[in-house]
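Please find below a short note on the model under review.

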Amino acid sequence: MGGRLLEELQRIGLPLRCLARRPDYLRPRLAPGTDLVEGDILDPATLAPALRGVRTAYYLVHSMAAEGDFEEIDRRAAFYFGSAALAAGVERIVYLGGLGSGPGLSRHLHSRQEVGDVLRRSGVQTIELQAGIIIGSGSLSFEMIRALVERLPVMITPAWVRVRTQPIAVEDVISYLVKARDLQLEGHHVFEIGGADQVGYGDVMMEYARQRGLHRVMIPVPLLTPRLSSLWLGLVTPLYARVGRYLIDGVRNPTVVDDPASDEAFQVHPRGVADAISRALVNEDQRYAATRWSDALSSRGKLPHGPMRYGRRLIDVQSTRVSRSPDRAFAPIRRIGGDVGWYYGNWMWRVRGLLDKLTGGPGLRRGRRDPEDLRIGEAIDIWRVERYEPDRLLLLRAEMKLPGRAWLQFEAEPESGGTILTQTAIFDPTGLGGILYWYILLPAHAFVFRGLLRGVAEASAPPADTP
């Protein structure tokens, strides 16, 4: 959400300052004039320089993925931020929280609303926007729903799938956030925001399945509670074993707009569910190219290594350190493919290219345009360059025949005395067949990709006789 808001505020041309724990990862996405400050929301000493001279501060933080008591972490973070904002003379905090009502709010929803209370108690005017399911790549609720739909041809659906919710498109949330900056209001305000439709969770699942061309069957049962559902979800989508438990536990609470005050205050006309899902799917390819995968995972601290899941996407991350400057370490990546080849197991790449060609794909016959120069949009063997930052990042999109979509990303990050090279294989499977494809070939892919990264590292190293 923060990345999308950043893009829109930069497009408008507002003077901005961003607080980031890993500023090097954010810097390539900043427009000229956007300030960048390194800091941590849980380190009060770093907040003062970030908030100095700021009129409006956006607070888009939550800690469900963190280890430990996420409610206590969120309370501390909100307290530190509110105190620093008051000391710095910030005039307004805009906070994106969670929509939900009724007795016995889940830990997740209660924490979202508690953070709003903490920010208001800071003394800085706080505008809180409460949203339910946000439809868009990266939204945990949306990723959870589509992970279920993508992986399960038959779904055992408990009563909670009929609980009413009011999903809202991520683009509409951004509109509300931008307009909240200039609303002429006195004091604190809480606005409930939602899309045009009130539907059940099951309706969202079936609409997603329809637009993805997936035939899904739902079998209702009366006994599957949200808590049991969270355990089942952990088996189907392991990434959500912890986070999913908190999300599922909250589905017993309706998340619909009861107070229409936001309609008059903001004059935003949000999309319905079908349009929101359609927009999310259409925009995903562009979003993949515009967003670094490590950004999406950075809230977890250090990047995990080996196979993992993120939403419906299957990811394999490998990294190594080389004693070379980033430009030297990245040079073999810049030359990859074509006559140079893939640094390891080239015969396996040729076999894969032949199989692709036999099934109507491009195979390896395209090679590459230039042995040194790279341009976004050009072909490299069975890949196409989707994003390229010289000496820093290369993102390739697969054009071979696959039961899904695939990317291969290389990054070079400077470290004291050398460079960290990170290689990320990303697969977005289509249905159960795509998931089976990933896991059946996982040992072979691990063998090839580990060798590829090792070959890149060796190619970047100086010759043995070089002093």
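The points below concern a predicted model and take up a sheet, its helices and the nonpolar cores.

1. The sheet is open and has 4 strands, ordered E3-E4-E5-E10 with parallel pairing. Strand E3 (56–59) and strand E10 (189–193) are the edge strands; each has a single partner strand, so one side of each lacks a neighbour in the sheet. From one strand to the next, the twist averages 20°.

2. Within this sheet, strand E5 (residues 125–131) is joined to E10 by 5 bridges, and the two run parallel. Alanine 131 is placed opposite isoleucine 193 in E10.

3. Two helices deserve mention alongside the sheet. Helix H5 (residues 107–121) lies across E3, strand E4 (92–98), E5 and E10, and runs at about 165° to E4. Helix H7 (residues 170–180) also packs on the sheet, where it touches E3, E4, E5 and E10, and its direction makes about 155° with that of E4.

4. In helix H1 (residues 2–12), the buried residues include Arg4 and Gln10 as well as Leu5, Leu6 and Leu9. Glycine 13 follows H1 and has a positive phi, near 95°.

5. The largest nonpolar core holds 34 residues, of which Trp342, Trp383, Leu394 and Leu452 touch the most other members. Elements that each supply at least two residues include strand E14 (313–322), helix H14 (326–334) and strand E16 (383–389). H16 gives the most, with 9 residues.

6. Tryptophan 383 has contacts beyond four places in sequence that include Trp342, Trp349, Arg366, Glu378 and Trp407. Another core, of 30 residues, lies apart from the largest one; among its members are Ala20, Leu26, Leu129 and Ile174.

Key
Residues are numbered from 1 along each chain as its sequence is written. This is a predicted model: local features need pLDDT of at least 70, side-chain atom pairs count only at pLDDT 80 or more; totals for chains, interfaces and linings use all residues. Side-chain values use heavy atoms; hydrogens and water are left out. Two strands pair if DSSP finds at least two bridges between them. Axes are lines fitted to C-alpha atoms, for helices over the stretch in contact, and angles run from 0 to 180 degrees between N-to-C directions. Contact means heavy atoms within 4.5 Å. Buried means under 20% relative accessible area, exposed over 50%, partly exposed in between (1.4 Å probe, protein chains only). A nonpolar core is a set of buried Ala, Val, Leu, Ile, Met, Phe, Trp, Tyr and Cys residues joined through side-chain atoms within 4.5 Å.
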